[in-house]
Amino acid sequence: MSDFVIDIQHLGRSFGKTEALQDVSLQVPRGGVFGLIGSNGAGKTTLIKHILGSHYAQRGWVKVFGLDPVAEPVKVLGRIGYMSEDRDVPSWMRIGELIDFTRTFYPAWDSGYATELTSVFELDVKQKIRDLSRGQTARVCLLLALSHRPELLVLDEPSSGLDPVIRRDILTAIVRTTTDEGRTVLFSSHLLDEVERLADRVAILHQGRILLDQKLEDIYESYHRVTLRFDRSSSVAPALEGSLHSDGNGNEWTYVYRGQKGQLLAASSQLNATVVAELPLSLDDIFVCNIQGH
Amino acid sequence: MMHSIIAALTWEYVARNRWMLLWLPLLANIPALCILLPLKSISPDDSFMTSPLLIGIQVSVLLSLVLVVCFGIISTQGSSRRLYRFPISTIQITSYYFWTGALLVGAQVALVLWLWKVLLPIDWPIASPVVFSIVCWCALQPVVRGQSQSLWWIVLAILIVIALSFWLLIRHGVPFQQGGMLTSQVHYWNVISITDWLITFFSLGLAYWLTAIRVTYDRSGRSNMPLLERIQLALERLEARWFSGSWNFRSPIQAYSWYDLRHRLLTIPILVFLGVLVSWVIAGLTAVIKRDPGTLISLAIGGTYLSTVLQVYMALLFGALSLFGKYLVRFEAPEHKLKKSDATPFEHGSFFNGLPISFKDKATALVASSAMATVICGAVLLLSYALIGMVAWAFGVCLSNVKFLNHWKYLVSMNVLAMVLTFVLNNLKFSIGPMLWRIDHWFWSIILAAILVAFGQPAGICVSAAFCVFVLVALTASTIQSLMKADIRLGTALGIWGIGTCLAILGWYLFRDEFGPVGMLLLAALAGLSMLPFFSTTESIRRAHTS
Amino acid sequence: MQIHIQAQGGVPIYLQVMQQIKYLVASGRLEPGDELPSIRSLAEQLIVNPNTIARAYRELETQGVVEKRRTAGTFVADSGSPLARKERLKLLKERIDQLLTEAYQMGFELDEVMKLVEQSSLISQQPKKGPSSHE
């Protein structure tokens, strides 16, 4: 259990009548990148707020570094670098003031690193936050999250609304954090190419439920898209056990299949079909199929 | 359906601001009623009604009312920038906001004053305040209807305020000599003279013209005239250089306290400072015109006193907003939702919730910043009084002739009271906020009030007794809770209770002749309220942090 | 090292990295003994998870395309090794399979394809600077 930086078991949460999270169980191992995928409103930010102790667990429990973030906020938050989705840093402050303000709270703050990041991100410390562009604000928030070299980096939609240049900065920062020993990154995104690049492990959150929680490499081995050619022509797709999605007409039907390759071949031969093509399957497709399946 | 632009804009305004339009008249009423109702029970005879003191109160309350109403209308109307992209002419945009605003301001002021006339045995004029408030609204439009934050517009605003204040005071018969507001020559502004109408029409016209210019500039993207822009840039660069030093906060408490002060609380000291400044300018100008240093002193005293009232009133306004603000924000149009940390100054967004600071430290920081804001206000007022003293000594004016300074007791105690009130109001959200919604705290108050009513006690005593009990119950409950959760040490708790009780007893002793039972009860409640933040803030923070 | 990967292309990133490195080796742009970038620097260059690069390097090592020298890094393996040769053959076979599949689908016969191969070989007379094969 101590191997898990974040350990969530059967977490449930409702806001009034809406069930934001239902029976969510998740474990983030130490020293990796965990990608949380979900469409807007799926519950990603709510889940992250539970990790930060901003919400208490109505059902189930949450442990971060083995501690309850609601009961011990200082111990938990002191080891987390957090970048919120709305990046709501006070707009009247100057960047320099904000850095001075924030570093007071973190004993492990590395001022040299902060200065280095300021120049790498090309920020002018005298500028007021309200005069910054969206991308610059994102860079400031990232700087604040990274400068105390946290054990756990939590990024809520870090690239939302940003241009590709800033996105590179953020993704590069995530890569750099991972290459430092023992540090963990949890980031939520609905941009799947980023998740594919960076994540070791991926979880899909949809309408408050976890649809999938696997290592990325295992995912590729578990999903296949094949075109099967059947003896007989039919107007509807012949039922293939384990398929998430089917498409085509007549003799040839393309399936997205969840399972091992061997199982797929066995199932298809049972139906007297031959595999005529194997098509590439992106994380995007897998995500959509999982969602549609529910 | 929308046959005209006016209909469309009006519909949008009402639809967007349904709840605000409901709350705003209430908000405008409550503070004034808080001041007026107790007065009624203190001194019920008629001579009081025409006394200079009551006229002075009328002026202050009127100014506060105008302030609240104008502020409310401006914030509900929102920025005119939204309309720029529509095919409406600039004149139409200007006219809509200008004239409908004026109408709403006049209507609201009339309504509130009429309500007071009905509820209280106070015979205050309605027509002149309505005219005055409309002029105030219009005069401030050129300053408000623009995006650029320029120092020059602020200077203009101050000049406008000075001019309006002069007008108000002159029409109340303030003789600008020794005694100032508290002489028997002061009277109500009962008649709107020809001069008044001339002033009104002239300022309305001028204001409309200036507003149209401002909106035109704004719409076309031009902010200032180039010369002013260069001066402004130079000032900004100076400011940047002045503040270039980096802050070295010694502890999270200090850092958070600094943030809270600058973010939430600095408005009040700034307003107090401006109030005192404006008073001194008016006083100085009048003294120069009349060549009488006595005028300077009396006007300065009056102005400082008014600033104190302004301080308390603003603290009350912000305190009330902090309690009820989130209900108002919820019904704003989405485009008004600014960055969450700015939308309501009293909520803290995700960034601050992510900072590793313990609830206890955060609570200490917030109470400290409230105290600091109060101290700054007090220092400014003290400086003003000290300056008055120096001027009096320099010009050989005898202060004991000046009314209101006869009794040092009143001067000192009034200011102390104002400071304590400000401190309490600054902390309103965290101290009394969570208590307000707890029925078990109100339970005992209601029982007591019922008993008192059954015994035929007057309304004032019932209400103040109930309130006093409520505060006592809340205080006891939060003391016990904070001790149980180890938010505070036993020694500190006892110390605070001790000091609070001593202060209450001191107040009772000093004012045993002046205050009736209502006053005593309210004083006790105030002492309780000033102790409350020390016990309840940590738990409030804890609840606010985790939902 | 000129590698470009494409996320969301349907091919796992580690496979793309492996394929491109193998191609660079096979075409001679990476010679035996050349050092590959460190896992960390390549990860930062491509902006991918370092574990992905590590996996690619591991697989390449298993297949004999590269070798890991202790404390010194990862280097392109000597092309004479049978594993390396085997890998190159595999790569070539894959290409040939692809070619033949497409040709048959387009309706060409085997002898037509062979003729085209010979013609192309005559045109590209310049000997490429590639790994020498003594087989």
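Domain bounds here come from an automatic or database domain assignment. The structure is a predicted model.

**Exercise 1. Domains of chain B**

State how chain B is divided, then describe how domain 2 of chain B meets domain 3 of chain B.

*Solution.* 
Step 1: list the domains. Chain B has domain 1 (1-237), domain 2 (249-333 + 349-426) and domain 3 (430-547).
Step 2: Between domain 2 of chain B and domain 3 of chain B, the C-alpha centres are 24 Å apart.
Step 3: count the contact. Domain 2 of chain B brings 13 residues to it, and domain 3 of chain B brings 14 residues.
Step 4: find the elements on the domain 2 side. Those giving two or more residues are helix H14 (359-395) and helix H15 (408-426) of chain B. H14(B) gives the most, with 6 residues.
Step 5: sort that side by class. The side of domain 2 of chain B that touches domain 3 of chain B holds 8 nonpolar, 2 polar and 3 charged residues.

**Exercise 2. Domains of chain A**

*Solution.* 
Step 1: count the contact. It takes 6 residues from domain 1 of chain A and 5 residues from domain 2 of chain A.
Step 2: find the elements on the domain 1 side. Helix H7 (192-198) and strand E8 (201-206) of chain A each give two or more residues. H7(A) gives the most, with 3 residues.
Step 3: sort that side by class. It divides into 4 nonpolar, 1 polar and 1 charged.

**Exercise 3. Where the chains meet**

Describe the side of chain B that touches chain A, by element and by class.

*Solution.* 
Step 1: count residues. Chain B puts 26 residues into the contact, and chain A puts in 25 residues.
Step 2: name the helices. In chain B, helix H9 (252-265), helix H12 (340-343) and helix H13 (350-353) each supply at least two residues of this side. The largest share, 4 residues, comes from H9(B).
Step 3: sort by class. The side of chain B that touches chain A has 10 nonpolar, 13 polar and 3 charged residues.

**Exercise 4. The largest nonpolar core**

Which residues of the largest nonpolar core touch the most other members?

*Solution.* 
Step 1: take the core, which has 216 residues.
Step 2: find the main contributor. Helix H11 (residues 293-329) of chain B gives the most to this core, with 16 residues.
Step 3: follow one member. Leaving out residues up to four places away in sequence, A:Val154 touches A:Ile48, A:Ile51, A:Ile80, A:Tyr82 and A:Leu186.

**Exercise 5. A sheet in chain A**

Why is one side of strand E2 and of strand E4 of chain A left without a neighbour in the sheet?

*Solution.* 
Step 1: write the order. The open sheet of 3 strands in chain A runs E2-E1-E4, with antiparallel pairing.
Step 2: find the edges. Strand E2 (18-29) and strand E4 (59-64) of chain A each have a single partner strand, so one side of each lacks a neighbour in the sheet.
Step 3: inspect one pair. Strand E1 (residues 4-15) of chain A and E4(A) pair over 5 bridges in the antiparallel sense. A:Asp7 stands opposite A:Lys63 in E4(A).
Step 4: Helix H1 (residues 44-52) of chain A lies across E1, E2 and E4 of chain A, at about 60 degrees to E2(A).

How values were computed:
Residues are numbered from 1 along each chain as its sequence is written. Chains are lettered from A and ligands numbered from 1 in the order in which they are written. This is a predicted model: local features need pLDDT of at least 70, side-chain atom pairs count only at pLDDT 80 or more; totals for chains, interfaces and linings use all residues. Two residues are in contact if their C-beta atoms, placed from the backbone, lie within 7 Å. Ala, Val, Leu, Ile, Met, Phe, Trp, Tyr, Cys and Pro count as nonpolar, Asp, Glu, Lys and Arg as charged, and the others, Gly among them, as polar. A nonpolar core is a set of buried Ala, Val, Leu, Ile, Met, Phe, Trp, Tyr and Cys residues joined through C-beta atoms within 7 Å. A residue is buried if 20 or more other C-beta atoms lie within 10 Å of its own, exposed if 12 or fewer, and partly exposed in between; C-beta atoms are placed from the backbone. Two strands pair if DSSP finds at least two bridges between them. Axes are lines fitted to C-alpha atoms, for helices over the stretch in contact, and angles run from 0 to 180 degrees between N-to-C directions.
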